[in-house]
Amino acid sequence: MTRTALTRDAILDSAAHLVKQHGPDALTMRKLAAELGTAVTSIYWHVGNRESLLDALVERTVADLGVIRPTGRTPAQRIASVARALRRQLREHPHLVAMVHERGLTERMFLPAQQALVHEVHAAGLRGTHAAEVVRAVQFQVVGFVLVERNRERAPVQQPAEEELWDTETAEDDPGLARALAGPVDQEKLFALSVRALVEALLAR
């Protein structure tokens, strides 16, 4: 059986897969060569050394994360759709995003999302400082929310757990609130609620 010719894109695809599955530290030239069924020297021929490979992978990640197409009928809905898309990108590529950050390209990575937000806040009639505040507030809300999500997912088992902390006393005689805070977090619902409240308040100023 004829082996498929090795290409730069195939190398980057496999490298991205290794990073996504196991983190940047797992990306060695030997592991990558084994994944591709080729010699390490062949990888060097196409992409250079490991640092050059990482630079190329980061550049492609920035490009791949670039396109965000807002949806919705109103400016508020379209801004919220950009927030959802940005959150989804950050959630789906945590290790690759971390590599982008380590190489000082975070602001460039966020630029397409910011530009999409700028277009929508302009459509809502906002300009200047007010428009900039909306763009940054939405971006910070998304990034902060994702960081909290990641922290909760990677945190050790909590002792005491949330359900043990919330009762009538800690909830100030509000049993419904105690039950809600002791229960599991619906992250999708909470994200939608927080973004909608933020955007509506900012646009109403």
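# Pockets and helix packing in a predicted model

Reader: What volume does the largest pocket have?
Author: The largest pocket has a volume of about 410 Å³. This is a predicted model, where local features need pLDDT of at least 70, side-chain atom pairs count only at pLDDT 80 or more, and totals for chains, interfaces and linings use all residues. Residues are numbered from 1 along each chain as its sequence is written, and side-chain values use heavy atoms, with hydrogens and water left out.

Reader: What counts as a pocket?
Author: On a 1 Å grid over the protein atoms alone, a pocket is an open set of points where a 1.4 Å probe fits, with protein on both sides within 12 Å along at least five of seven lines. Lining residues have an atom within 4 Å of a point. The volume is the space filled by probe spheres set on the points, and points are joined across faces, edges and corners.

Reader: How many residues line the largest pocket, and which lie nearest its centre?
Author: There are 18 lining residues. L90, V97, A98, V143 and L147 lie nearest the centre.

Reader: Which helix supplies the largest share of that lining?
Author: α8 does, with 7 residues. At least two residues each come from α6 (94–102), α7 (106–123) and α8 (128–154). Helices here are DSSP runs (H or I, at least four residues), numbered from the N terminus; strands are E runs of at least two.

Reader: How does the lining of the largest pocket divide by class?
Author: It has 10 nonpolar, 4 polar and 4 charged residues. Ala, Val, Leu, Ile, Met, Phe, Trp, Tyr, Cys and Pro count as nonpolar; Asp, Glu, Lys and Arg as charged; the others, Gly among them, as polar.

Reader: And the second largest pocket, what volume?
Author: About 250 Å³. α8 and α9 (162–165) are the elements that give two or more residues to its lining. Among the lining residues are N151, R152, P160 and L165. By class, that lining has 6 nonpolar, 2 polar and 2 charged residues.

Reader: P160, where does that sit?
Author: In the loop between α8 and α9. A cis peptide bond joins Q159 to P160, with omega about 0°.

Reader: What about E172, what is its phi?
Author: Phi of E172 is near 55°, a positive value in a residue other than glycine. E172 is in the loop between α9 and α10 (175–182). Most residues other than glycine have a negative phi, and most peptide bonds are trans.

Reader: Switching to packing. At what angle do α1 and α6 pack?
Author: About 105°, with the axes of α1 (residues 8–22) and α6 7 Å apart. So α1 and α6 are roughly perpendicular to each other, a label for 65 to 115 degrees; under 35 is roughly parallel, over 145 roughly antiparallel, and the rest oblique. Axes are lines fitted to C-alpha atoms, for helices over the stretch in contact, and angles run from 0 to 180 degrees between N-to-C directions.

Reader: How do α5 and α7 cross?
Author: At roughly 170°, and the axes of α5 (residues 75–92) and α7 come within 9 Å. That makes α5 roughly antiparallel to α7. The contact (heavy atoms within 4.5 Å) has 12 nonpolar, no polar and 2 charged residues.

Reader: Where does UniProt place the "DNA-binding region"?
Author: The unreviewed entry lists residues 28–47. In the model that span is 80% helix and 0% strand. UniProt also places "domain: HTH tetR-type" at residues 5–65, again from an unreviewed entry. UniProt positions follow the numbering used here, feature names are shortened, and annotations may be inferred rather than shown by experiment.
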